[in-house]
Amino acid sequence: MTSPVTASIPLSSSQRWRAFWVCVSVAAFTILDLSKVNVGLPAIETSLGATSTQLQLVVSGYILTFGLALVPFGRLGDQRSRKALFIIGLSLFTLTSAACALAPSIEVLMAARLVQGIAAGIQMPQVMGTIQQLFTGKERGRAFGLFGATIGIATAFGPTLGGLMIAIGGETDGWRGIFWFNVPLCLLVLAGVIWLLPQTRTASGKRLQLDPIGIVLFAFTVISLMWPFLFTTGSPDDDPNRWWLLTAFVLFATLFFWWERRYAASGRQPLIPFRMFRIPSYRNGTFVVVAYFTAIPPMFLLGTLFLQIGVGLEPVFAGMVSIGFAVASAFSSYYGGLLVNRFGRQLVTIGLLTVLVSVVALTIVAYTMPPETVAYGMAAALLVAGAGGGLVVSPNQTLTLSEIPVREGGLAGSVGQLGQRVGTAVGTAIGLSLFYATIYRESGAGLESLAVFHDAYAYGMAAVGLFLAIATLISVVDLINLRRRGAVSPASE
């Protein structure tokens, strides 16, 4: 085990929690930008004449570059100043948000979103690394509980905020307000980073180790995996040859794994220390969160599309359906963070089972209730799902990082974030392709319009349910293994 390249600076309790809330603010609007753009897709399509593939890239292109930047900048933050990377990421996010708002064409919007994703990938690993460094034991569980509550609110309130911006700005250009909203928020948080976020480590004179060959191989691995899904829209015009790129993914993944093991054997620090996956709590927690985030973002996106396009609900009201999820997940995330040291993995398992049952109920409600009341029924189902979801994210985060050394907190957190972003891109592509493929297939079959959207939503939600079932199965297996070993989880440090 290599020695840390910096020494920790002792901080008072007030300094730690002040730094925590600055970090949470950064994470909140970074995640907010994932969900609030979804409700603006129909308006962007109308305003800029975007195709379904281009709309997919507005959402998933951001996720792609977000994911690519996470691991190398998580590694950089572990070795150098996280505060400096916060400032760089926030400044770039502010500029790209303004560029998105001013975009004269869909091509400019897509390019700005790609760079905006890089900015998000610069700052997000610093959030996880800083929280991991600031807190230990029960206090860390409380911190991750509050973190999960905030992220849950940001994720679920995103569609409501996006719909509100469209209502204020109008159906044609209201989507621009979604991006303008970021600018003052970013500047406010940037001021907090500069004046309120303390330095948590002394400077290091040691040589920077970034594994450049590993970074290149890693980039090609992620791109070749996500590319076919980015161009999956469900349209008959989708090129079937895109799936051949998964062959390249297998090749690059093999090369990356080989290089990283060789690099580590030489005594240097690899981009991703695969030894971390030998730790059951980290490995299983990472797999759970990847499967979970493959399901949840498309659940929100499919719901807003169904309510807007199928039922004819205004964007702001379609977004408001998820408010119950936000409120319930905020409460359960906070208490989940307090209870995770007592109940461990079983708390996450209960949460996943609750979300899974709620998704089944959500699909049945959307399929059977009349258009006049379906939004209320879906809101009720999402309320229960939010209560379960809050018991998943923050407790699982605590369990996943419980045995990871503090000096590797940024890297370990960024690997988990990468899994979330890849899962979000894959899940969104699968959900959207099933949704639109059903519409393309059934629209010419003489079915009533709403019946077509019922089927489209049901097929998309089947994928959501499948990924939630996978997450639940992993959590159950991990729980059984823990009980066989008589293990207590999580560790106090």
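## Reading rings, charges and patches

S402 sits in the loop that joins helix 15 (374–401) to helix 16 (409–442).

Reader: Happy to start there. Is S402 buried or exposed?

Author: Keep in mind that this is a predicted model. Buried means under 20% relative accessible area. S402 has 5% relative accessibility, so S402 counts as buried.

Reader: And how far apart are S402 and T160 in sequence and in space?

Author: In sequence they are 242 residues apart, and in space 34 Å, taken C-alpha to C-alpha.

Reader: Let's turn to aromatic rings. How many aromatic pairs does the structure hold?

Author: There are 20 aromatic pairs. One of them is F20 with F135: the ring centres are 5.9 Å apart and the planes stand at 85 degrees, so this pair is edge-to-face.

Reader: Which parts of the chain does that pair link?

Author: Distant ones. F20 belongs to helix 1 (residues 13–35), while F135 is in the loop between helix 5 (106–134) and helix 6 (137–169), and 115 residues separate the two. F20 and F135 are both buried. They also belong to one aromatic cluster, together with W17 and W21.

Reader: How should I read the pair of F257 and F274?

Author: A pair of aromatic rings is described by the distance of the centres and the angle of the planes. For F257 and F274 the centres are 5.0 Å apart and the planes are at 65 degrees, so this pair is edge-to-face. F257 is in helix 10 (residues 245–265) and F274 is in the loop between helix 10 and helix 11 (280–311), 17 residues apart. F257, at 38% relative accessibility, counts as partly exposed, and so does F274, at 28%.

Reader: Which charged residues sit over rings here?

Author: Charge over ring is read from the position of the charged end relative to the ring. The charged end of R113 sits over the ring of Y62, 4.3 Å from the ring centre. R441 lies over the face of Y459, with 5.5 Å to the ring centre.

Reader: Last one: which residues form the nonpolar patch on the surface?

Author: The patch is formed by I153, F157, V327, F331, Y335, L338, L339 and F343, with about 680 Å² of accessible area together. Helix 6 and helix 13 (323–343) are the elements that give two or more residues to the patch, and helix 13 gives the most, with 6 residues.

Reader: Could you take L339 as an example: where is L339 placed?

Author: L339 is in helix 13. With a relative accessible area of 33%, L339 is partly exposed.

Conventions. Residues numbered from 1 in each chain as written. Predicted model: local features only at pLDDT ≥ 70, side-chain atom pairs only at ≥ 80, totals over all residues. Heavy atoms only, no water. Phe/Tyr/Trp six-rings, centres within 6.5 Å; stacked < 30°, edge-to-face > 60°. Helix = DSSP H or I, 4+ residues; strand = E, 2+ residues; numbered from the N terminus. Buried < 20%, exposed > 50% of the residue type's maximum accessible area, 1.4 Å probe, protein only. Lys NZ or Arg CZ within 6 Å of the ring centre and 35° of its normal. Patch = residues over 30% accessible without salt bridge, like charges linked within 9 Å, V, L, I, M, F, W, Y side chains within 5 Å. Areas by Shrake-Rupley, 256 points an atom, 1.4 Å probe, with all protein chains shown as cover. Salt bridge = Lys/Arg side-chain N within 4 Å of Asp/Glu carboxyl O.
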